[in-house]
Amino acid sequence: MGILYDDVVIIRHSEKEGDPAVITVNCPDKTGLGCDLCRIILFFGLSIVRGDVSTDGKWCYIVFWVVGKSTTRWGLLKKRLVGACPSCSSASGISYYSAELQPPRPPDVFLLKLACHDRKGLLHDVTGVLCELELTIKKVKVSTTPDGRVMDLFFVTDTRELLHTTKRKEDTYDHLRAVMGNSMISCDIEMVGPEITACSAESSFLPTAITENILPLQMPDELPSSLTSTSVSVIMDNLLSPAHTLVQIVCQDHKGLLYDIMRTLKDYNIQISYGRFYIKHRRTCEIDLFIVQADGKKIVDPNKQKALSSRLEMELVRPLRVAVVSRGPDTELMVANPVELSGKGRPLVFHDITLALTMLDSCIFSAEIRRRMIGDREFEVYRVLLDEGEGLAVPRRKIEEQVWKMLMGWEQ
């Protein structure tokens, strides 16, 4: 089976303002492809309002109906989606599936050192520029000096793989200077050696008091309704199809909903043979998925069914963990973002955190992103120390709720 390379991904723009654009993907299949595509769509700030997935295990056909901003870079989005599809070998204008011979080489990591004068919203502006340039923040260390100067250390990777070039570095400087103006003091970008890269990527454990009381893995008996996605139903059925397990999900829509479902199935090595997703009245979503295990068979083991349904429910009720806690006289915001087994985390989390704090007029004294082990799972943990000045003007509960709503896309 073969298709023209340009037809691997087709984007049809809406004819009427407000209508969704349609993204069609027609390519060789692989377990986790839906997750990878949904992650890219989420990174570009688009929301999936409807989806259809169909595959015979070798070739797949996926359609997403998406809505987004007028500034969406559709050409770049198509390039990234094509890049996520299984590699093809081209012959006479036709592309054919060929299996990966080697795992991809890990991307180079760069250290961006930025010194500037502090001002409200500065960190969010810088984060926005890095996202626009497709620089992925792997780790950040932000600190503020008593005289109002800020030193930002960003460990980043470049989606375009060009940050080693002078032109790409100068382009990054220019974009940062344009948004920061006279606030910028200095900016430097250098490639990080393997020993520093390994250290920056190293997972470490959080104190037990934090993991058990603030960022629990299991579903607590009670959670504030403002910090959860309500009315989640996950039902598994083996009677409707002779060859597939049917998973029916009804829940409230949130940013990255389909990504949260797909990454969970990817981690369980589950293959979707057919799937349908759509949003009904008042943001209620209905998802039907016909799935099989890695061996091509339906899930008949009750324990496996229970484990998968429980994990899906947990990831939809609390796709991220948010808490504002006291650190002695200081106040700290903590957000935990689940990491896929492949090592990727949800995109734009730090961007949304800084935007929420900017909207609350809350200043950031210091910030850190690290990979941490919570139980037997890896999370990206964002720890933001708030600058209270003469006292925290915004109640802690309001900070939690605002950050949660921004991360869930309920403040758009």
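Me: How many of the 11 residues of H3 are buried?
Reply: Happy to start there, and please keep in mind that this is a predicted model. Eight of the 11 are buried, so H3 is largely enclosed by the rest of the structure. The buried residues are Leu122, Leu123, His124, Val126, Thr127, Val129, Leu130 and Cys131.

Me: At what angle do the axes of H3 and H9 cross?
Reply: First, the general idea: two packed helices are described by the angle between their axes and the distance between the axes. Here, H3 (residues 122-132) and H9 (residues 349-359) have axes that cross at roughly 150° and come within 9 Å. Angles over 145 degrees count as roughly antiparallel, and H3 and H9 are therefore roughly antiparallel to each other. The crossing in which H3 passes H9 is left-handed.

Me: Which residues make the contact between H3 and H9?
Reply: On the H3 side, look for Leu123, His124, Thr127, Gly128 and Cys131. H9 contributes Phe350, His351, Thr354, Leu355 and Thr358. Sorted by class, the contact holds four nonpolar residues, six polar ones and no charged ones.

Me: Let's move to the end of H3. Where is glutamate 134 found?
Reply: Glutamate 134 is in the loop between H3 and strand E9 (135-144). Its backbone takes a positive phi of about 65°, just after H3.

Me: Is glutamate 134 buried or exposed?
Reply: The cut-off to remember is that buried means under 20% relative accessible area. Glutamate 134 has a relative accessible area of 1%, so it is buried.

Me: Which side chain does glutamate 134 join in a polar contact?
Reply: That is arginine 80, and the polar contact between the two side chains is 2.6 Å. Setting aside residues up to four places away in sequence, glutamate 134 also touches others, including Phe43, Phe44, Leu76, Asp158 and Arg168.

Me: What is glycine 345 in contact with, beyond its neighbours within four places in sequence?
Reply: Its contacts are Arg39, Tyr259, Asn337, Pro338, Val339, Arg371 and Glu380. Take glutamate 380 as an example of sequence and space side by side: glycine 345 and glutamate 380 are 35 residues apart in sequence, and their C-alpha atoms are 7.1 Å apart in space.

How values were computed:
Residues numbered from 1 in each chain as written. Predicted model: local features only at pLDDT ≥ 70, side-chain atom pairs only at ≥ 80, totals over all residues. Heavy atoms only, no water. Axes fitted to C-alpha atoms, helices over the stretch in contact; angles between N-to-C directions. Helix = DSSP H or I, 4+ residues; strand = E, 2+ residues; numbered from the N terminus. Parallel < 35°, antiparallel > 145°, perpendicular 65-115°, else oblique. Left-handed = near helix turned anticlockwise from the far one by under 90°. Contact = heavy atoms within 4.5 Å. Nonpolar A, V, L, I, M, F, W, Y, C, P; charged D, E, K, R; others polar. Buried < 20%, exposed > 50% of the residue type's maximum accessible area, 1.4 Å probe, protein only. Polar contact = N/O pair within 3.5 Å; in protein donor to acceptor, adjacent residues only side chain to side chain.
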